[in-house]
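Good morning, and thank you for coming.

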Amino acid sequence: MLLITVFGTLTSSAQFDQFGQALTGQAGQQQSCDPNDPTCQSSVDQSNLQVRNPSVNQQQTLTPQIIVPGQQDNTQTNTQNNNRTQQQNQNLETRLPLDSPTEFQLLVANSIGKMLPIYGVNLFRNLPSTFAPLNMVPVTPDYVVGPGDELLIQMWGQVTLNGRFLVDRSGSIFVPQVGSVHVAGVKFEQMHDFLKSQVARVFKNFDLNVNLGQLRSIQVFVVGQARRPGSYTISSLSTLTNALFATGGPTPQGSLRHIQLKRGGKVVVEFDLYDLLQRGDKSKDEQLLPGDVIYIPPVGPQVAVAGSIRAPAIYELKSSDSTTIGDVLELAAGLTNVASGQRVRLERVDERRRRSMIDIALDAQGRATVMQDGDLLELNAVVSQYKDAVTLRGNVASPGRYTWKPGMRVRDLLPDKEALITRDYWLKRSQLGQPTLTYIPTCLPLTPTAFQICVMEFRLEKRGRIRTGDTPQPGIRI
């Protein structure tokens, strides 16, 4: 026996008529086309080509649109949807591909049965739309002016001036009636007083205002274990974190805790991304200068934390000699609310020969245990066991678990006969006096006439003027 079920949506008669007119109009255009007409022939060939190759120029193919009376044109909506789809596709293109798992990730997955992510790698999954920050953002007071920057100077009083001045390669600007002024190396917060002192040598009784216009570009180098190492030309407002996000961040083999910014052959700052991820600390996010080198060294010692922990992942240790179990649990955001706080299992590679298991108590002495490179820390949840509890189930009013106490009897749980009556009984009894709908009409829009007759029968039956199944007579007003 073969059962075929066809599902459809409820369509009005106007939609059926409009759809039939669209199909008839399309068929009429195909029939009215002269085969000897070369324009007609080319259009037919093009339509056949689009049918054979639907994936080619699919977005540019024009399809007949059926506009139902009473509805608005969906052209604007379709345009917005297409723009949204293109933006989503662009975001997918800028999303970095997945990294292949490291050897330590495979070792941990073989032990616990699932793959743990490397902490902090997902921060660089989505690439920014532009490398440098916006040029219209406010300039920080400690911004150092250099060649290529544009100064907007306005003066009034004894002298009037309103102009744009570009800092040349020597670091100077030429102010009319004042001369050449060397401004390279001056911080933006000191620029007002500096220019006023220079102009005061020629004029008096004046005031001025100075601002920054177009900012210069600088060249920096990103090397080491970066996803896209190389030379970059960026805005002078860029910082160390801007460059890290633009280059995709460190690879899985790169360090997140010892990123170095080198300037003039010396390490200016060593940036720890864990400070930014866990505490939001950007105090060491140094502003970049021309010729800076960002070096990402290889990853340091790593440990894995799994089980009943708030953030299970693979973490990089700041130091392999002083990081304890308590420090690692703090990196992983602590235990969950159902974790067992008594013991923890530590899986360790002994002298790079074999793996061993150690049971450590989570007391003060156990939390002070020093972690080593390649350790796996696993915490278990509490056992689903109740202490001093009695479970009541069945045809009772309040099933559940109750506290057990010495000398407890069954009548303490079932004090009277009302405790044996379920809540469903009282619910059904309260619904006895409620009115119910005895007739639900089903009007399928097979034809406009049949649909109107069905609605007419339903309205007349509600008024008590006809019975179900009677045909309305002409002259009856609804």
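Among the elements of this protein, helix 2, residues 38-52, has the lowest mean pLDDT, 40, while strand 10, residues 293-296, has the highest, 97. Here pLDDT is the predictor's confidence in each residue, on a scale from 0 to 100. Over residues 1-75 the pLDDT is below 50, and this stretch has 22 contacts in the model beyond near neighbours in sequence. A contact means heavy atoms within 4.5 Å. Residues 89-93 also stay under 50 in pLDDT, and for them the model has 0 contacts beyond four places in sequence. For the protein overall, the mean pLDDT is 78, and 69% of the residues reach 70 or more.

A word on conventions. This is a predicted model, in which local features need a pLDDT of at least 70 and side-chain atom pairs count only at pLDDT 80 or more, whereas totals for chains, interfaces and linings use all residues. Residues are numbered from 1 along each chain as its sequence is written, and side-chain values use heavy atoms, with hydrogens and water left out.

The protein has 12 helices and 17 strands. These are DSSP runs numbered from the N terminus, with helices being H or I of at least four residues and strands being E of at least two. Of its 478 residues, 29% count as buried. Buried means under 20% relative accessible area, exposed means over 50%, and partly exposed lies in between, with a 1.4 Å probe and protein chains only. Among contacts between residues at least 6 apart in sequence, 57% join residues at least 24 apart.

Let me turn to the cores. In soluble globular proteins, nonpolar side chains tend to be buried together. A nonpolar core is here a set of buried Ala, Val, Leu, Ile, Met, Phe, Trp, Tyr and Cys residues joined through side-chain atoms within 4.5 Å. The largest such core has 41 residues, and Leu244, Leu288, Ile294, Tyr315, Leu329, Met371 and Leu379 touch the most other members. Helix 8, residues 325-331, gives the largest share of this core, 4 residues. A second, separate core of 26 residues includes Met155, Val181, Leu212 and Leu215.

Returning to strand 10, we find Tyr295 there. Is Tyr295 buried or partly exposed? Tyr295 is partly exposed, because its relative accessible area is 27%. Leaving aside neighbours within four places in sequence, its contacts include Val223, Gly224 and His258. Tyr295 and Pro229 are 66 residues apart in sequence, and their C-alpha atoms are 9.5 Å apart in space.

Next, Ser172, which is found in strand 3, residues 172-175. Ser172 counts as buried because its relative accessibility is 11%. Which side chain does the side chain of Ser172 join in a polar contact? The partner is His182, at 3.3 Å. A polar contact is a pair of N or O atoms within 3.5 Å; within protein, one must be able to donate a hydrogen and the other to accept it, and residues adjacent in sequence count only if both atoms are side-chain atoms. Beyond four places in sequence, Ser172 touches residues including Leu166, Val181 and His182.

Finally, Gln198 lies in helix 5, residues 188-199. With a relative accessibility of 17%, Gln198 therefore counts as buried. Its side chain and that of Arg201 are joined by a polar contact of 2.9 Å. Not counting residues up to four places away in sequence, Gln198 touches Val178 and Val181.
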